[in-house]
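Here are a few friendly notes to read with the structure open beside you. Take the points one at a time and find each place in the model as you go.

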Amino acid sequence: KNELEHAAADVLYTLEQAGYEAVIVGGYVRDRMLGRAGQDIDMATSALPEQVMRLFPRTAPTGLQHGTVTVISGSFTFEVTTYRKESEYEEYRRPGKVEFVSDLHEDLRRRDFTMNAMAMDARAKLIDPWGGMDDLKAKVLRCVGDADARFQEDALRMLRCVRFAASYALEISADTWTALRKHRALLTHIARERVRAELDRTVEGPDPDRGVDLLQASGLLQHVKGGLPLAPLFTAAAEAAPPAAPGEAGRLARVQPAWLRWAQLLLLAGRTQAEAEPLLRALTFPNGKAGAVSKVLGVSERLQQQGFGRGAWVQAALRFGREPLEGWLALAGADPAAAGGERGAREREAFTELTANGLSWLDELPVAKLSGLALSGGELMQAWNRRGGPWTGQVLASLLEDAAFGRVPNEREALLLRAERYREDTM
Ligand code: ATP
Ligand code: MG
């Protein structure tokens with residue numbers, strides 16, 4: 001037992017000594033049975049939230065309406081939830097209402113998959129009424145009880161099903177898969193935020209290629225809320241990817257860091273930067289990530305249009321900054337075809353040179369961004385005795401390009417002199 005489990009056992013014993021039942025449930029139990037060390041321990045107890053709060057000196061009322069109290073013990077925190085069942089499901093989302101119950105088995109019955117419906121007591125005894133352990137051993141993912149009912153209660157479970165099957169290398173049991181395909185249209189009731197979170201974990205998880213295949217085969221993504229056209233991304237990837245040889249990483253899995261796989265999916269589906277950004281935002285990706293991914297597409301577009309030469313590369317650096325270029329290089333190295341590097345023979349050669357030298361070309365630039373330019377907007381305005389306006393940025397961008405390509409030294413006087421040739425355009 002490690003420190004975390006000792007602290008957890010103390011919490012469980014405290015509840016037991018006060019006359020309640022208490023167990024560890026859910027993901028932690030599952031991962032422990034697989035020999036994986038989890039970080040988060042969730043607990044379930046017969047005690048009511050107020051009884052839990054009275055027993056421990058440090059608690060936080062995390063989700064009282066769901067029966068959840070966070071118990072703080074040293075540097076560890078545990079989510080302790082009163083045994084409950086979800087009596088009503090509204091609009092194919094859970095839960096409409098929770099009802100506290102006294103029986104652990106009743107609590108386990110409302111969970112999604114057998115492997116997630118196991119519990120473990122303070123003495124590490126497994127409580128497994130739904131056969132989760134047998135399923136784990138057989139590498140089978142199966143709904144608790146009636147799969148039709150589980151997916152109708154909460155349509156998000158269908159995406160969780162795909163994620164768990166892919167990330168844990170499980171076969172989905174026949175009845176669960178049949179039910180999933182039957183109820184796939186219910187996904188339309190689920191908030192995009194939650195859809196995004198599951199997809200993100202699938203795409204960025206350990207076996208995204210399997211995830212893509214399952215998503216494609218399920219037809220789930222035809223039914224994202226508001227008709228968001230996500231399915232084509234996954235269809236293209238599923239069709240483009242040859243099955244990986246055993247023991248070899250798949251086409252998406254090879255791409256690291258994992259967020260670049262979103263750029264890869266969009267590229268494989270032929271999406272442009274202008275199409276990608278609103279799509280990612282509509283899927284509720286945070287602005288930072290939507291921007292980072294779509295900038296990689298912007299870089300790719302430019303390079304493909306201009307044949308992967310050094311000039312296009314440097315211009316992309318000035319326009320997008322270094323990060324998306326590094327992203328593009330990582331993607332192009334792992335999946336040259338997605339990055340457009342396998343078209344014509346001449347492109348192929350330029351592409352190879354670019355992927356080999358792109359980073360050093362960036363390092364060798366005399367200046368790569370406006371903040372490094374030896375002339376500021378303020379200085380330019382003063383020298384020309386004019387108020388700032390759109391012209392300032394235009395002139396600075398031209399000067400930056402000149403300095404980056406070495407047409408002018410990156411020095412104040414030289415840049416001011418060079419600026420004269422752009423003065424007319426700004427009048
Ligand atoms: P991970 O945290 O690695 O995604 P997890 O199993 O811990 O896996 P959580 O979302 O943290 O997943 O949920 C904890 C437990 O709550 C699950 O193991 C499962 O028993 C139950 N659970 C979570 N979401 C659902 C759901 N949509 N329907 C039914 N039970 C659920
Ligand atoms: Mg969890």
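Predicted model: local features only at pLDDT ≥ 70, side-chain atom pairs only at ≥ 80, totals over all residues.

1. The shell around ligand 1 takes at least three residues from domain 1 (1-138) and at least three from domain 2 (145-242).

2. Which residues are around ligand 1? They are G26, G27, D42, R94, R111, D112, N116, A117, D154, L156 and R157. Sorted by class, this shell holds 6 charged, 3 polar and 2 nonpolar residues.

3. Now step back to the whole chain. Its domain assignment lists domain 1 (1-138), domain 2 (145-242), domain 3 (273-363) and domain 4 (370-426).

4. Look next at domain 2 and domain 3, whose centres, taken over C-alpha atoms, are 29 Å apart. How many residues of domain 2 are in contact with domain 3? There are 4, and they meet 4 residues of domain 3. On the domain 2 side, 3 of the touching residues are charged, 1 is nonpolar and none is polar.

5. Finally, find two helices: α11, covering residues 231-240, and α12, covering residues 260-268. Their axes lie 8 Å apart and the helices pack at an angle of about 85 degrees. Angles from 65 to 115 degrees count as roughly perpendicular, and α11 and α12 are therefore roughly perpendicular to each other.

6. What makes the contact between these helices? From α11 come L233, A236, A237 and A240, and from α12 come L265, L266 and L268. By class, the contact has 7 nonpolar residues, with no polar and no charged ones.

Note on methods. Residues numbered from 1 in each chain as written. Chains lettered and ligands numbered in written order. Domains from an automatic or database assignment. Contact = placed C-beta atoms within 7 Å. Nonpolar A, V, L, I, M, F, W, Y, C, P; charged D, E, K, R; others polar. Axes fitted to C-alpha atoms, helices over the stretch in contact; angles between N-to-C directions. Helix = DSSP H or I, 4+ residues; strand = E, 2+ residues; numbered from the N terminus. Parallel < 35°, antiparallel > 145°, perpendicular 65-115°, else oblique. Near = placed C-beta within 6 Å.
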